[in-house]
Amino acid sequence: MEKNTDYMHPHPHHTHPHENTKAVLNRLSRAIGHLKSIKVMVEEGRDCSEVLIQLSAVKAAINNTGKVVLKDHLSHCLIDSIETGNMEAIEELNKAIDQFVK
């Protein structure tokens, strides 16, 4: 079975490739690697200030990745939802945005 690399969508809409899937996966891989290195810093008893600075960098990387996903979603999924009258998808996006910006 071929692995689908598109984002998971709980709402039905036309299938289409996302332009930034590879970029998002690369960003997530880097953030995961960075987070693993922070775990090692904690295990080694590194200075709390250093750990906090590194955690801040990971948080920024995750937020920036979220922005890429959001822009991609707005460019493709939302337009498709509007064209097909899928109001449920629009409501789901609003909920997701609320969670993302908390």
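In what order do the elements of the protein chain run from the N terminus on? Colour the chain by secondary structure and read along it: the order is α-α-α. This is a predicted model, so treat each stop as a view of a prediction.

**Stop 1: the whole chain**

Keep everything on screen. The secondary structure comes to 3 helices and 0 strands. The chain has 102 residues, and buried ones make up 25% of them. The accessible area comes to about 7600 Å², with 59% of it belonging to carbon and sulfur atoms.

**Stop 2: helix H1**

Select residues 21–43, which form helix H1. How far apart are the end C-alpha atoms of H1? They are 33 Å apart. That agrees with the span that 23 residues should have at 1.5 Å a residue, which is also 33 Å.

Show side chains for the buried residues of H1: Thr21, Val24, Ala31, Ile38 and Met41. What do they pack against? Bring H2 into view, because the buried residues of H1 pack against that helix, with contact meaning heavy atoms within 4.5 Å.

Stay on H1 and pick Lys39 and Glu43. These two form a salt bridge, and their closest N and O atoms are 3.8 Å apart. Why is the pairing within reach along the helix? Lys39 and Glu43 sit 4 residues apart in H1, so about one helical turn separates them. Both residues are exposed.

**Stop 3: past the end of H1**

Move on to Gly45, which follows H1. Check its backbone: phi is positive, near 75°.

Next, select Arg46 and Glu50. Their side chains meet in a salt bridge, at 2.7 Å from N to O. Side chains of opposite charge can pair when their charged atoms come close. Is Glu50 buried or partly exposed? Glu50 counts as partly exposed, at 33% relative accessibility. Arg46 is partly exposed as well, with a relative accessible area of 39%.

**Stop 4: along helix H2**

Select residues 48–84, helix H2.

Begin with Val58, which lies in H2. Val58 is buried, with a relative accessible area of 8%. Which residues does Val58 contact, leaving aside its neighbours within four places in sequence? They are Ala31, His34, Leu35 and Ile38. Two of these names, Ala31 and Ile38, are also among the buried residues of H1.

Thr65 counts as buried, at 5% relative accessibility. Beyond its neighbours within four places in sequence, Thr65 is in contact with Val24, Arg27 and Leu28. Val24 is another of the buried residues of H1.

Finish with Ser81, found in H2. Is Ser81 buried or exposed? Ser81 is buried, with a relative accessible area of 2%. Not counting residues up to four places away in sequence, Ser81 touches Asn86, Ala89 and Ile90. Those contacts lead to the next stop.

**Stop 5: helix H3**

Start with Asn86. At the start of H3, a side-chain oxygen of Asn86 reaches to within 3.3 Å of the backbone nitrogen of Glu88.

Now select residues 87–100, helix H3. H3 has 14 residues and reaches 20 Å from its first C-alpha to its last, close to the 20 Å expected at 1.5 Å a residue.

Which residues of H3 are buried? Show Ala89, Ile90 and Leu93. Turn the view to look down the axis of H3. The buried residues fall within an arc of 100°, so they line one face of the helix. They pack against H2. Ala89 and Ile90 are also touched by Ser81.

The face of H3 turned away from its buried side carries the exposed residues Lys95 and Gln99.

**Last look**

Show H1, H2 and H3 together. The buried residues of H1 pack against H2, and the buried residues of H3 pack against H2 too.

Methods: Residues are numbered from 1 along each chain as its sequence is written. This is a predicted model: local features need pLDDT of at least 70, side-chain atom pairs count only at pLDDT 80 or more; totals for chains, interfaces and linings use all residues. Side-chain values use heavy atoms; hydrogens and water are left out. A salt bridge is a side-chain nitrogen of Lys or Arg within 4 Å of a carboxyl oxygen of Asp or Glu. Helices (H or I, at least four residues) and strands (E, at least two) are DSSP runs, numbered from the N terminus. Buried means under 20% relative accessible area, exposed over 50%, partly exposed in between (1.4 Å probe, protein chains only). The expected span of a helix is 1.5 Å times one less than its number of residues. The arc is that of the directions from the helix axis to the C-beta atoms. A polar contact is a pair of N or O atoms within 3.5 Å; within protein, one must be able to donate a hydrogen and the other to accept it, and residues adjacent in sequence count only if both atoms are side-chain atoms. Accessible areas come from the Shrake-Rupley method with a 1.4 Å probe; for residues, only the protein chains shown count as cover.
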